[in-house]
Amino acid sequence: MFSDVVHALFTVPAMLSLLAGTVVGMFIGALPGIGPAVGIGLLLPLTYFLPPADALLFYVSLYQAAEYGGSITAIAVSTPGAPNSAAMILDGYAMNRAGKPGKAFAYSLWATIFASYAGILGLFLLAQPIAGWALALGPAEFAALGVFALTTVGTLSTAAPVPGLLSAALGVLLSTLGTDLITNTHRYTFGQSSLLDGVPLVPVLVGMFALPEVVRLLSDPSRVAAPNAPGSGRVWLTPREFLAVWVPTVMGTTIGFFLGLLPGISGSVPPWISYNVAKSTSRRPERFGTGIPEGIVAPEATNAAVMHSTLIPAFTLGIPGTPTSAVILGAMLIAGLQPGPLLFTQHALIVYELFAGLAISTAALWVLGLCSTSLWARASALPRPMLATCIFVLCVTGSFASRSNVFDVWLALGFGALGYAMHVLRFSVPSFVLGLILGSMIETHLRQALIISSGSFGVFVTSPIALAFLAAACLSIAYSIWQGARLRSLAPAPP
Amino acid sequence: MAAAAWWQAQSFGPGSGLLPRLASGTAGALALAGLLQRSPGSIEPIPLARPGAVLLAFVLYGLAMPRLGFLFSTTLLALGFTLGFGGRKAWRWALAGVAFVVLVYIAFGTIFYVNFPAGIAR
């Protein structure tokens, strides 16, 4: 089998597919509002012209590179290329503004490369056994996992858990907006047809994270980026820096790999969970959000690992964990390959060629990242009005491009104002966004669990896994209250 | 807001209204807790003139975009940001800003077939 895979992979068409996928993916990922799912969807007709293996190599390498590409604009101009790169803004953009753009990109690239190779290894070794385990989790366990993830946001907001949890609750409330697909009830739509499908994520994300930065850049003359240090555009890490982030990188990779196996956990949720775990286990949690390496590598490694592990349920069970893996499954069906357990027996060569191709694509991504991201680092040296203009143009373009709807631009502008107000009033924007992302997942699984149990909430107590998640959620709230009280007691008394 | 959302959720029925009621109830309780925790003088005065001007520009842009079109309205806003806040070399950055708008417009329009509002260009 090994020699067959090598023979199939090291051909000119396969190599060109991998390289083209990597280059196009990085470009698409960096464009706000496009993202890998839309990018692959746009290029799906290639399936009709290329041999199945080459077309799929192109798509999976595009997917991998786009996941990294989304972080480039998040770090460079505070505009996430895709929703799952939003967590990168907190410390990546902060490190960039602190005059160390090259380091910010280097930490992001290093975490991506490490997590990608670990994820590929996981694909080879664990694909079939783990997919069976993931199937054992039911709606009650998923709902409890969502509640646990939501409660951990209490520690995302600096010293006070109440604003963080309140922001999260408002985010969940916003997630309920739109048509309830089970009963066809219109909730909080105010007669607006554009809101029937709920609140689109792209305008909310660019509005909440990027547009407040436009306001701050233009309204605060003192908000000048620190001058880039000599050689700061160089995307490289010293061995010491490399070793210092070893633990959060491995932790982020592990979290991402296992969360990516769970169908229904959106690709944008795991990086936030990883960020929060890295923060709560750090010896300097108060410095998260100020541009520290752990805040970059943990969510980035998770982002990359999710991409690989989400292919496991997609290939072995035919269950896509993310929209992009759903599009790839569509491409497989167009190419005449039926995803599922039989894929590994009937088309084993193609499957393992894809896995091995990802290893080569990762190497290409590394080289491309080293060469191209230093160009992005120069974006931080732009004057404030020019940088604000670039961010604004990318924001409104990305918001409009995601659904070709002017209403989405209005949403982004409205959420921009809300994000700025939340920033000024010291609410937690990440908690709000996480509530929005997790809300629909929690609701779907909560209601499924209640339907199965004939309306009894006891299902969350009788399942040991669900109970463990809920207990962890309670502990998380208690810990954040205790931590808040401790920090308040340590703060100097006002004169 | 939480109270209004909770009141509205009563009309959604038991299944559809479950999470809206839970979320709005939790938000209301947390808002009350936050109000009780707030100490006098904990809110600092916020300068509003410049942020207000930028937010007003957002509103004007949102109103103008469907009528003037994406390209024209975004170019105007880019000129406003760069000339209004650009300092001594404002014209140089204004030109760069306009070039960036045109580049993004062409890239999204030709590569991704995004059909931007044409507005007066129609």
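**Burial, bridges and a helix pair**

Visitor: Why is Glu213(A) called buried?

Guide: In this predicted model, Glu213(A) has a relative accessible area of 1%.

Visitor: What makes Arg216(A) and Glu213(A) a salt bridge?

Guide: The N to O distance between their side chains is 3.1 Å, and the cut-off is within 4 Å, so the pair qualifies. Both sit in helix α10 of chain A, three residues apart, about one turn of the helix.

Visitor: Why is Arg284(A) called partly exposed?

Guide: Its relative accessible area is 27%. That falls between the 20% and 50% limits, so Arg284(A) is neither buried nor exposed. Its salt-bridge partner is Glu294(A), at 3.0 Å from N to O. Glu294(A) comes in at 14%, so it counts as buried.

Visitor: How do you know that α10(A) and α21(A) are roughly antiparallel?

Guide: Their axes come within 10 Å and cross at roughly 175 degrees. Angles over 145 degrees count as roughly antiparallel, so that settles it. The contact involves, among them, Leu205(A) and Phe209(A) of α10(A) and Phe432(A) and Leu436(A) of α21(A). By type, the contact residues are eleven nonpolar, no polar and no charged.

Visitor: What parts does the salt bridge of Glu443(A) with Arg187(A) tie together?

Guide: The closest N and O atoms of the two are 2.7 Å apart. Glu443(A) lies in helix α21 and Arg187(A) in strand β2 of chain A, so the pair links parts 256 residues apart in sequence. Arg187(A) is at 3% relative accessibility, so it counts as buried.

Conventions
Residues are numbered from 1 along each chain as its sequence is written. Chains are lettered from A and ligands numbered from 1 in the order in which they are written. This is a predicted model: local features need pLDDT of at least 70, side-chain atom pairs count only at pLDDT 80 or more; totals for chains, interfaces and linings use all residues. Side-chain values use heavy atoms; hydrogens and water are left out. Axes are lines fitted to C-alpha atoms, for helices over the stretch in contact, and angles run from 0 to 180 degrees between N-to-C directions. Helices (H or I, at least four residues) and strands (E, at least two) are DSSP runs, numbered from the N terminus. Angles under 35 degrees count as roughly parallel, over 145 as roughly antiparallel, 65 to 115 as roughly perpendicular and the rest as oblique. Contact means heavy atoms within 4.5 Å. Ala, Val, Leu, Ile, Met, Phe, Trp, Tyr, Cys and Pro count as nonpolar, Asp, Glu, Lys and Arg as charged, and the others, Gly among them, as polar. Buried means under 20% relative accessible area, exposed over 50%, partly exposed in between (1.4 Å probe, protein chains only).
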